[in-house]
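Here's a quick briefing to read alongside the model. Have the sequence and the 3D view open, and then work through the points below.

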2 protein chains.
Amino acid sequence: MLKISHRGEVMPASPIRKLVPFSEAAKKRGTHVYHLNIGQPDIETPKQCLDAVKHYDMKVLEYSHSAGNESYRKKLVEYYAKNNIDVTPADIIVTTGGSEAILFGFMACLDAGDEVIIPEPFYANYNGFAIQADVNVVPISSDIETGFALPPIEDFEKAITSKTKAIVVCNPNNPTGYLYSAEEMEILKQIVIKHNLFLFADEAYREFCYSGKHVSAMHLKGAEQHVVLMDTISKRYSACGGRIGAFITKNKEVLNAAMKFAQARLSPPFYAQILGEAAVDLPDNYFDTTKAEYKLRRDTIVNRLNAMPGVFCPNVGGAFYAMARLPIDNCDRFCQWLLEDFTHEGATVMLAPGTGFYSTEGLGKNEVRLAYVLNVDSLNKAMDCLEAALKLYPGKTN
Amino acid sequence: MLKISHRGEVMPASPIRKLVPFSEAAKKRGTHVYHLNIGQPDIETPKQCLDAVKHYDMKVLEYSHSAGNESYRKKLVEYYAKNNIDVTPADIIVTTGGSEAILFGFMACLDAGDEVIIPEPFYANYNGFAIQADVNVVPISSDIETGFALPPIEDFEKAITSKTKAIVVCNPNNPTGYLYSAEEMEILKQIVIKHNLFLFADEAYREFCYSGKHVSAMHLKGAEQHVVLMDTISKRYSACGGRIGAFITKNKEVLNAAMKFAQARLSPPFYAQILGEAAVDLPDNYFDTTKAEYKLRRDTIVNRLNAMPGVFCPNVGGAFYAMARLPIDNCDRFCQWLLEDFTHEGATVMLAPGTGFYSTEGLGKNEVRLAYVLNVDSLNKAMDCLEAALKLYPGKTN
């Protein structure tokens, strides 16, 4: 018998995808499903950006440069400068989404058997890229009681071995919404310098900070050779389908290695580079409206959750996610039950089970991630569903 | 000191890219450079396809399904049916270019240390994907004297070890332009069945066959569970920058494994799926014009090459490449010399050194790949350059 690869076997299926058949069945039964399960924003993509693509004239849809169109990389320099991040076009490789930037980082910096430390809960797809790169993810747990703050430095020290080569920090965090403070970023800087590690910084949600200021890993003076920024325009401009991200580092050796992986796949997608280039020219107050909207949603969801008996949701500093602790036995069972066995006024809510974001077996069983990607009215209705569900769910724990 | 990964070190830089600085310098000196070095067609992308993107209305540029838009996969079924390839939407994962389809194939079917047999010369980027997947490429040499026909079955048998898990066939071939016959495809089928191997079929140039009929690996009855098709719209519709390809197999286990890698990177680019969907509705005679143009170019280039003393170029069955043997000491030196030290009537020609397409050290030293992606007039001028150059090159061998 022909066999698939071992990595093909151990590769995790998306923890969210598993529930899709149940959500589809619910919809077929006529149930309205409020999707709080994925980070697909409902915010409109800026018209200027969509129009830039519509009005772009070309005869031949050619490969772009493997590092991305030069005109786009130049524009990105402007964008980063506005965020006090000092880069040149030569520091940037335009990638196919943030996903490819993560893969390039793992491939260029880590070898088979190397270890990468990631505070958990973490973005589930880091696991997938780690398996492709044959790298071991070493989780250190952050705690819902502290709002998922950076774990204490001793936890990092304990986790570091001779095989540790990098730390991943996602800031503001998906799935927790936690915004790392300047002090926490400074701690990370000291760890990576002391132990000679790479710091992979996933800053997809940079603009969406509600309580405090974003400190980029690129701001960490003295750590320039350690930091690899993995960025994307997906959430920033609600352009997820464009698949445009960026791999950025001041470390020339790392950039040159990543560039070889970029050359092998020839080029990033052309169209959305045009969109991304136009996005840099959006008015400086562009994010104000989006941010205000997300903040309102955050307040809605956090307040509603904490008003439910037995539910705890720490306030969220950024991104558009929240992790909540629910009075339930098993979040996978609960999320499936919501889709299979429950309706409230003809509707239900789809959530992402917390377990999918933890690497340590057994953690996150009573947690769920909520993406507040619906308007306040829908969010309230989704919270009505959740509130009603928690009264009925047979696996309720208190 | 922070060190990049070993794979980042051994990852080959693009063999073509190495010459780019010399070509840029030549252009700065005012020399016209005829680019026969890369497979970027000059053929216009069909207007209907570009218009489909321009006229597509959306409010939010959302993620598509991880396997690609369902409407596009349904359209692809029609496209494949026209090529007597019987697939369903469920057999297809839309990928980010053919590149990602190759990577998914290697990741889903092969483990670290596994071996994949590839007749050389071969598309250089297979090496890059093999390094990412930590897989060993085992070359078996095809011979310019036979026009780069499939190596004899004994050569495959000799190369097969307990670690061999797959064979890659690129048909029509890049870089040789060789079109495998029905008999050769049948031999490959027997080998993969007998030795229980996967057959990875790269058919990017399916439409461009000039002497004979294309036999797809998907036509091989009885090998359905072995075959993985790695496809792309890049060359077909001159849409290289769109980055849309497809991973197709009847083997459900392989498809499910590849799907997990597809989920990790979320989705393929949205825009060019619209373009690809429109392309399926092009009139059935769409390829006639393009094919006639390429055939004319092929005839031009093959005739011109074989008329030069000491040059041999086998006639080419498909794609838009030819490998020629030149009377030179070293193709890398020659290609660089063409850009650095030579002009003919203010122009020179950029070629891809043959060595970059061989895995066996020392092979291809007197060969070059020519991509006939310029019109006949430019091709003739490029051939004038080459002819003049061969009279002057200090490393001429006869």
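Two residues count as being in contact if their C-beta atoms, placed from the backbone, lie within 7 Å. This is a predicted model, where local features need pLDDT of at least 70, side-chain atom pairs count only at pLDDT 80 or more, and totals for chains, interfaces and linings use all residues. Residues are numbered from 1 along each chain as its sequence is written, while chains are lettered from A and ligands numbered from 1 in the order in which they are written.

**Around D111(A)**
- D111(A) sits in the loop between α5 (97–109) and β3 (115–120) of chain A; helices (H or I, at least four residues) and strands (E, at least two) are DSSP runs, numbered from the N terminus.
- Leaving out residues up to four places away in sequence, D111(A) touches S5(B), H6(B) and R7(B).
- D111(A) counts as buried because 20 other C-beta atoms lie within 10 Å; the cut-offs are 20 or more for buried, 12 or fewer for exposed, and partly exposed in between, with C-beta atoms placed from the backbone.
- K163(A) is 52 residues from D111(A) in sequence, yet their C-alpha atoms are 9.7 Å apart.

**Where the chains meet**
- Chain B and chain A put 62 residues each into their contact.
- On the chain B side, the elements giving two or more residues are α1 (6–10), α3 (47–54), α5 (97–109), α6 (125–132), α9 (252–264) and α10 (271–279).
- The top contributor on that side is α9(B), with 7 residues.
- By class, the chain B side has 27 nonpolar, 21 polar and 14 charged residues; Ala, Val, Leu, Ile, Met, Phe, Trp, Tyr, Cys and Pro count as nonpolar, Asp, Glu, Lys and Arg as charged, and the others, Gly among them, as polar.

**Two domains in chain A**
- Chain A splits into domain 1 (6–44 + 287–392) and domain 2 (47–279), with bounds that come from an automatic or database domain assignment.
- Between them, 38 residues of domain 1 are in contact with 31 residues of domain 2.
- α11(A) gives the largest share of the domain 1 side, 5 residues.
- That domain 1 side divides into 19 nonpolar, 11 polar and 8 charged residues.

- Setting aside neighbours within four places in sequence, A258(B) is in contact with I93(B), F104(B), A108(B) and F247(B).
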